[in-house]
Amino acid sequence: MTTDNIKEEKTESLNFLEEIVEQDIAEGKHEGRVHTRFPPEPNGYLHVGHATSICLNFGLAVRYGGQCNLRFDDTNPVTEETEYVESIINDVRWMGFEPTNILYASDYFPQLYGFASDLIRKGLAYVDDSTAEEIAALKGTPTEPGRPGPCRSRSVAENLDLFERMRKGEFAEGSRVLRAKIDLASPNMIMRDPLLYRIKFAHHHRTGDDWCIYPMYDMAHGQSDSIERITHSICTLEFVPHRELYDWCIEELGIFPSKQYEFARRNLSYTVVSKRKLLKLVNEGHVAGWDDPRMPTISAMRRRGYTAAAIREWAKRIGIAKRENLVDLSLLEFCVREDLNKLALRAMAVLDPLKVVITNYPAGQTEWLETDNNPEDPNGGTRQLPFSQELWIEQEDFMENPPPKFFRLSPGTMARLKSAYIIQCDEVVKDADGKVTELRCTYFPNSKSGEDNSGLKPKTTIHWVSAEHAIPAEVRLYDRLFTVEDPANDERDFQELLNPDSLKVVENARLEPSLAAAKPGEYFQFIRLGYFTPDTDSAPGKPVFNRTVTLRDAWAKAKV
């Protein structure tokens, strides 16, 4: 069922769905089986909301020794593509789960057609020639019952004949639909003779042109669950009104009694997941594609450097509820930092280089210094860093006229170079415009890290790279895509809420040479700067790194 060594520990505190499952097991329902499913539509890329649903459905199966299917709800051929199918399968597996079965609603088209014919034979479905506007008008309102249309009284034989002819493609698209015959006075508007099938002449990504009628969601959902003998069909709250129809179809067809349960969406702050809005961001060039690291898609989070383990931990922490809530993005970022701190290799990178020349270090000499790969990992090992006369440090680590509590380099002060030596700034070199271009420093040979007997005690440690050995790189500094906490519910146009600083590109960064071999999917902490990962745009000799997340939550400070 899973990869990544996922472990689900049972605790005393259960969410309401786990309580339902445990009660069903205790009562011996379905022979104690637990069988869930994750049923995405293959019409787009999975986003962070889908990630929580994946964790919920697969997680329940893992916890209770059950099974979970990945079933594609591919009943609308107009919007579905094989590209999305492959992307979804990849995302589910990257999240750490292996489906028990990979299935498609289209696998069941013959059975679903048979179920619909059975409803017709029982006098519980009929072919309606009315227009969409006429059907809507006859449905009534929440306070007024619907009225029967002229097609509702058709005979079983006529309905069977018409439905078969719909199947054969004898009628124009939109000219007829199949409707359930239930209760036009039901307080639940969905139960007022809902649509079960429509005519659609479109090429299907799996069945080709074999079918020209396609089941509606309510005709495919519960019946597909039943065919697969799903025990716990978990949906979000907007499907609560559909549960009555779900149960009606299963009961009237006399098929396996799958049961639907609902939980609340968990919306993420500073994010939108509306497919329409995300498509607009892509099509209008606000982002570079569906996997742009600022997007909330799983593929984008993976490209940005989020780990599957961090997303699973976040889903676990926010839990399951019956009421929708807005989850702070900072919690997800915290989980990412917590995971990356354990596994990311440390590395030196300078994003805004300022040259340092060590005047008393031999010109042309290279010294290799040992440094930890990850101090959080006792088995992380060490690597060698080249040290030479000319170095790069961050511009912000030097001030010519510093304020009282500035402890980094300034004229006459000292700083320790991480894993290297203590240096002292002796001279500042400027260009014609008065801009600082170089620092002339001396180093203390007896201050080498791990062997220091100099007695000197500088107040800070800064990172650096050897100018001779550093590799140039592009570094992309990503931040939140929106400036407001809840852009989905803001009255302004969501495009007005975009963060103009959501991406800053550093074109002249300098990295330690070990990073030349880094590949996408590897994780690094650039010391003092944040967590980074190689981007898929990297090319030989032209590395590109994405900032996954900063070392600390800068937005929390901004909100204070």
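**Entry 1: Leu17 and helix H1**

I began with Leu17, which lies in helix H1, and I note at the outset that I am working from a predicted model. Leu17 has a relative accessibility of 3% and therefore counts as buried. Leaving aside residues up to four places away in sequence, I listed its contacts as Leu56, Ile234, Tyr261, Phe263 and Ile320.

I then widened the view to the helix, which covers residues 16-26 and whose buried residues are Phe16, Leu17, Glu18, Val21 and Asp24. For the spacing I kept a general point in mind: an α-helix has 3.6 residues a turn, so residues three or four places apart point the same way. The buried residues of H1 pack against helix H2 (48-63), strand S8 (233-236) and strand S9 (260-263).

Asn15 caps the N-terminal end, with a side-chain oxygen 3.0 Å from the backbone nitrogen of Leu17, and the helix is followed by Gly28, whose phi is positive, near 75 degrees.

**Entry 2: Leu103**

Next I turned to Leu103, whose place is in strand S3 (residues 102-104). Between Leu103 and Glu86, which are 17 residues apart along the chain, the C-alpha separation is 13 Å.

**Entry 3: cysteines**

I searched the whole structure for disulfides and found zero. For Cys68 the reason is distance, because the closest cysteine sulfur, in Cys55, is 11 Å away from its own sulfur, too far for a bond. Cys212 is likewise in no disulfide, and the nearest cysteine sulfur, that of Cys151, is 19 Å away. I checked the accessibility of both residues: Cys68, at 0%, counts as buried, and Cys212, at 8%, also counts as buried.

**Entry 4: a seven-stranded sheet**

I traced an open sheet of seven strands with mixed pairing, in the order S12-S25-S26-S27-S23-S24-S13. Strand S12 (345-347) and strand S13 (349-350) stand at its edges, each with a single partner strand, so one side of each is left without a neighbour in the sheet. Within the sheet I followed strand S23 (residues 471-478) and strand S27 (residues 544-549), which run parallel and are joined by three bridges; Val475 stands opposite Phe545 in S27. Helix H12 (residues 329-343) lies across S12, strand S25 (524-526), strand S26 (530-534) and S27, and I noted that H12 runs at about 120 degrees to S27.

**Entry 5: the whole chain**

Last, I looked up the overall figures. The protein has 13 helices and 27 strands, and buried residues make up 53% of its 560 residues. The C-alpha trace spans about 100 × 55 × 45 Å along its principal axes. The radius of gyration is 31 Å, whereas a compact globule of 560 residues would have one near 24 Å. Finally, of the contacts between residues at least 6 apart in sequence, 71% join residues at least 24 apart.

Terms used:
Residues numbered from 1 in each chain as written. Predicted model: local features only at pLDDT ≥ 70, side-chain atom pairs only at ≥ 80, totals over all residues. Heavy atoms only, no water. Disulfide = S-S within 2.5 Å. Buried < 20%, exposed > 50% of the residue type's maximum accessible area, 1.4 Å probe, protein only. Pairing = 2+ DSSP bridges. Helix = DSSP H or I, 4+ residues; strand = E, 2+ residues; numbered from the N terminus. Contact = heavy atoms within 4.5 Å. Axes fitted to C-alpha atoms, helices over the stretch in contact; angles between N-to-C directions. Polar contact = N/O pair within 3.5 Å; in protein donor to acceptor, adjacent residues only side chain to side chain. Rg over C-alpha atoms; globule rule 2.2 N^0.38 Å.
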